[in-house]
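Here's a quick tour for anyone meeting this protein for the first time. Take a look at the sequence and the model, then read on.

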Amino acid sequence: MYRQHGQQMTLQPAPDMTRLMPVHAAPLRDAPAFEGAGASRSPLLSGALRNQALHLAGTLAETLRPAPAAGRRDVSLASGSAGLAVCNGQLARTRCDPRAADAALTRLEEAVDALATQPLTSSLYSGFTGIAWAVELVDRLLGAGGEDRSGDIDNALTSLLRRYPEDAPYDLINGLTGLGVYALARWPRPGAAPCVLGVVGQLARRARHDRDGVFWWTPPSWHGPRREQYRPGGVDLGVAHGIAGVIPFLARVHRLGLARQTVRPLLDGAVRWLLAHMVDVGSGPTVPYFAAGGDQPGPARSAWCYGDPGVAAALLLAARDAGEPAWAAAATGLAVRAAARPPGQTGVTDAGLCHGSAGLAHLFNRMYQMTAEPALADAARFWVERTVELCSAMAPGRGVTPAEAARPAWKGPGLLEGAAGIALAMEAAVTTAEPVWDQMLLVSAEGTPGAQPR
């Protein structure tokens, strides 16, 4: 049963959703390897910095418990139990750690319980879709086989997409693009294609066209970063809430061969529009936060959610999926310029994934793996060092200054801004295992399967 709530559809508690309940996983040594994982991916770090990053990941992992909250427990992918399950599942895989596997299943059970007890929105990062995405990923990480346990979620989303509210967001965090990420993770299961096509259809209906290409409008009614500065509305250029997040989703759908007559014009037009609205600064073109009539945009911070590193990674991945060398060249140039940006101009004040040092370390690491550009490897190592410094300042027993206490290195235990995300970024820098968890950030090259659903 659904109910419209604000700008989203809310899924009311439904008994059949308990089919998502975690099952006993196969022993980790018997779990199948991921496509693309292994020796072809070289670890970024070595020596003392590798040991520091590995130690930090392990130390943070020991702290992962759901944050206490008044009222309902946080079970979301972004900051709650579902995200902690993903983190523990990835660490169980990379470290062959049965304790981490047990923790992953415990956290997953907490999240799944909420599906039967409380209404949840469709948001990937804060709703039921994110919990189902976590179930899919943790099952794979732990080698759990057996029946498909998310078919009911697929059906629910397909139904929702037929009547998705006109004023609902299109973005990755709360909207259509996030639903598309879940559907891609389900490929090639039977329910995946209808979900993907439902998202594409809604994006096509909402797309606007001008001489620069294709874009999606952000109305002033949507809540989000810097909305107060753009009261008439405009076009969000970020990955988390804007057009840069739509691009890699469309490119992956194109690679799968779905609805190409609809997808390819949207994809080409969106990339043209994004590149046309970059802002020239002294060091070269950069991506602003927003494009709005009458506003003179300036450079954004350096982050995943907004700014050049996140946009460059998304565009690089889209270039690979769509076979567009010109996009790859533009993205690489953007990434290299971002790597050269002085740290004091990046806006980084914490260590989290979303807009902190660990997020930059992971993005530059990912882009180095895709391009082999030495400057990107250097930037990734710098931001790993910065992450270790920021997190060491908050270590138990160390005297914390008033300034450090007022601006902690991470926000709670969660995945997007907290300890879990930092641990995953550090782990990705020291291992050869594919960090499949970053599909939620739209920077993962893993998991592009065959063209036909089974």
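Leaving aside neighbours within four places in sequence, which residues is Met-426 in contact with? The list is Ala-53, Leu-56, Ala-57, Ala-358, Ala-361, Val-384 and Thr-387, where contact means heavy atoms within 4.5 Å. Keep in mind that this is a predicted model, where local features need pLDDT of at least 70, side-chain atom pairs count only at pLDDT 80 or more, and totals for chains, interfaces and linings use all residues. Residues are numbered from 1 along each chain as its sequence is written, and side-chain values use heavy atoms, with hydrogens and water left out.

**The big picture**

- The protein has 15 helices and nine strands; these are DSSP runs numbered from the N terminus, with helices (H or I) of at least four residues and strands (E) of at least two.
- Of the 454 residues in the protein, 59% are buried. Buried means under 20% relative accessible area, exposed means over 50%, and partly exposed is in between, with a 1.4 Å probe and protein chains only.
- Look at contacts with a separation of 6 or more, and 71% of them are between residues 24 or more positions apart.
- The accessible surface comes to about 17600 Å², and carbon and sulfur atoms hold 52% of it. The areas come from the Shrake-Rupley method with a 1.4 Å probe, and for residues only the protein chains shown count as cover.

**The nonpolar core**

- The largest nonpolar core holds 154 residues. Such a core is a set of buried Ala, Val, Leu, Ile, Met, Phe, Trp, Tyr and Cys residues joined through side-chain atoms within 4.5 Å.
- Who touches the most other members? That would be Tyr-125, Trp-133, Trp-216, Trp-304, Met-367, Val-384 and Met-426.
- In soluble globular proteins, nonpolar side chains tend to be buried together.

**Salt bridges**

- A search of the whole structure turns up 17 salt bridges, each being a side-chain nitrogen of Lys or Arg within 4 Å of a carboxyl oxygen of Asp or Glu.
- Arg-189 and Glu-136 form one of them, at 3.3 Å from N to O. Arg-189 sits in the loop between H6 (176-186) and H7 (192-206) and Glu-136 in H4 (residues 128-142), so the pair ties together parts 53 residues apart in sequence.
- Arg-189 is partly exposed at 21% relative accessibility, whereas Glu-136 is buried at 9%.
- Asp-154 and Arg-186 make another, at 2.8 Å from N to O. With Asp-154 in H5 (residues 151-162) and Arg-186 in H6, the pair ties together parts that are 32 residues apart in sequence.
- Asp-154 is buried with a relative accessible area of 2%, and Arg-186 is buried too, at 1%.
- Glu-136, Asp-148, Asp-154, Arg-186 and Arg-189 are linked in a network of salt bridges.
- Elsewhere, the side chains of Asp-321 and Arg-255 meet at 2.8 Å, N to O. Asp-321 lies in H10 (residues 308-322) and Arg-255 in H8 (residues 243-256), so this pair ties together parts 66 residues apart in sequence.
- Asp-321 is buried at 8%, while Arg-255 is partly exposed at 41%.

- How many of the residues of H6 are buried? The count is 11 of the 11, so H6 is largely enclosed by the rest of the structure.
- Cover for the buried residues of H6 includes H4, H5, H7 and H8.
- Trp-187 and Pro-188 are joined by a cis peptide bond, with omega about 5 degrees. Pro-188 is in the loop between H6 and H7.

**H8 against H9**

- H8 and H9 (residues 260-276) pack at an angle of about 145 degrees, with their axes 9 Å apart. Axes are lines fitted to C-alpha atoms, for helices over the stretch in contact, and angles run from 0 to 180 degrees between N-to-C directions.
- Where they meet, H8 brings residues including Ile-247, Leu-250 and His-254, and H9 brings residues including Val-263, Leu-267 and Trp-273.

**Two loop residues with positive phi**

- Cys-96, in the loop between H2 and H3 (98-115), has phi near 50 degrees, a positive value in a residue other than glycine. Cys-96 is exposed at 52% relative accessibility.
- Ala-372, in the loop between H12 (357-371) and H13 (374-392), has phi near 65 degrees. Ala-372 is exposed at 54%.
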